[in-house]
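Let's take a walk through this model together. Keep the sequence and the 3D view open as you read.

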Amino acid sequence: MLDSFEREIIYLRLSITDRCNLRCRYCMPDEGVPPTAHDDLLRYEELLRVAKAAVSLGIDRFKVTGGEPLVRRGCTDFIRHLKALPGVHQVTLTTNGLLLPPLLDELCAAKLDGVNISLDTLDNAQYQQLTRRTHTADEVLDAVRPCAARLPTKVNAVLLPETADQLIPLAELAQTLPVDVRFIERMPLGTVQTGQATTAAAALDRLRVRWPQLKPISEPRGNGPARYFRAPELMGCLGLIDAVSHGFCDRCNRLRLTSTGLLKPCLCYEQGVELRPLLRDGVDDTTLRDAIRAAILQKPAAHCFSQQENITEHKSMNQIGG
Ligand code: SAM
Ligand code: SF4
């Protein structure tokens, strides 16, 4: 359906947990977040009911996210059921990759359409510093390789000043593997504990020096706001997401559901529609659909990342789902 600004809303990010096996500095406080009581999380049946109601409003693409979605038991079964819902066109997953390899068979069998793997640096020591845990970038690469052989795979890196020297090595993954590599501006949400943010435009300038034939692609790719570029030497595309510096809100097509059931019209405002009480009160499908419609109609014209004093969202990214 169209929102109040004539944007067609077709995409819903479903966060299935706020827990994570990492503590990325730009995403999550060191101490984690106060644990959500299991009963406060939407159950998989409830998530599927929301998805069904969303489909009836024209939303047919879903991203399963978190926290780290693969830490929640039953995630692959959930994906299978979600993908099997009539009218669901696409289901993709966003993960840090660490738990992915042993689940790949099940995810392929579930007909998952693609995977985004987050990796901000190839340097193991820096990876540990950024994620505040002892896992390594090599472990993530050990997930990227088999995943890319079986499913459409994107590597996502947040642009950070401390990883500036990683821009080209990360982008070169698109030269050696059939993956898209995308660079995302760091958004000023939650407990950001990294240096001054870097712009996508500055990253693009550097990518153009490395690949002088880099050209924007004209055909649509993905559901989001990334701008994609191709060069003859690259197997995959390079993508830039100017989340902060460039306004792409006029093309925004999405809603976000937190793991506790808040349906959020926009990343940077805390406003949303609480679906959990409705689901637990046993409301009928029409009432649930009306609640989703209300969230779509609440979508503001644009985010306010450039006027940080106007940001009302205080949750950290792992609680929102990215
Ligand atoms: N744990 C999974 C992962 O890391 O892919 C899924 C959840 S994570 C919140 C989803 C995405 O949000 C990741 O690609 C992560 O890098 C990104 N993210 C988290 N905090 C961010 C921030 N402050 N600015 C930009 N992207 C952020
Ligand atoms: Fe966890 Fe993903 Fe946040 Fe990193 S970005 S702390 S992996 S939820």
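**A guided tour**

The shell of residues around ligand 2 splits into five nonpolar, three polar and no charged. Here Ala, Val, Leu, Ile, Met, Phe, Trp, Tyr, Cys and Pro count as nonpolar, Asp, Glu, Lys and Arg as charged, and the others, Gly among them, as polar. The residues in question are C20, L22, C24, C27, M28, G67, N96 and N318, where being near a molecule or strand takes a heavy atom within 4 Å of it.

A word on the ground rules: this is a predicted model, in which local features need pLDDT of at least 70 and side-chain atom pairs count only at pLDDT 80 or more, while totals for chains, interfaces and linings use all residues. Residues are numbered from 1 along each chain as its sequence is written, chains are lettered from A and ligands numbered from 1 in the order in which they are written, and side-chain values use heavy atoms, with hydrogens and water left out.

Of its 13 lining residues, T17, H38, L41, R72 and R73 are the closest to the centre. What is the make-up of that lining in nonpolar, polar and charged residues? The lining divides into four nonpolar, three polar and six charged. As for the term, a pocket is found on a 1 Å grid over the protein atoms alone: it is an open set of points with protein on both sides within 12 Å along at least five of seven lines, whereas a cavity is a set where a 1.4 Å probe fits but cannot get out, and lining residues have an atom within 4 Å of a point.

Now look for rings. The whole structure holds one aromatic pair. Y44 and F78 are stacked, at 4.9 Å centre to centre and with 15° between the planes. The pair links distant parts of the chain, 34 residues apart, with Y44 in helix α1 (residues 44–55) and F78 in helix α2 (residues 75–84). Rings of Phe, Tyr and Trp (its six-membered ring) pair if their centres lie within 6.5 Å; planes under 30 degrees apart count as stacked, over 60 as edge-to-face and the rest as tilted. Helices (H or I, at least four residues) and strands (E, at least two) are DSSP runs, numbered from the N terminus.

Are Y44 and F78 buried or exposed? Both are buried, with buried meaning under 20% relative accessible area, exposed over 50% and partly exposed in between (1.4 Å probe, protein chains only). R72 lies over the face of Y44, 4.1 Å from the ring centre. R221 likewise has its charged end over the ring of Y228, 5.8 Å from the centre. A charge sits over a ring if NZ of Lys or CZ of Arg is within 6 Å of the ring centre and within 35 degrees of the ring normal.

Two backbone spots deserve a look. E6, in the segment before β1 (11–15), has a positive phi of about 65° although it is not a glycine. E6 is exposed, at 62% relative accessible area. K111, in the loop between α3 (104–109) and β4 (114–118), has a phi near 65°, and K111 is exposed too, at 56%.

Finally, find F62 in strand β2 (residues 61–65). F62 is buried because its relative accessibility is 0%. F62 and Y11 are 51 residues apart in sequence and 5.8 Å apart in space, C-alpha to C-alpha.
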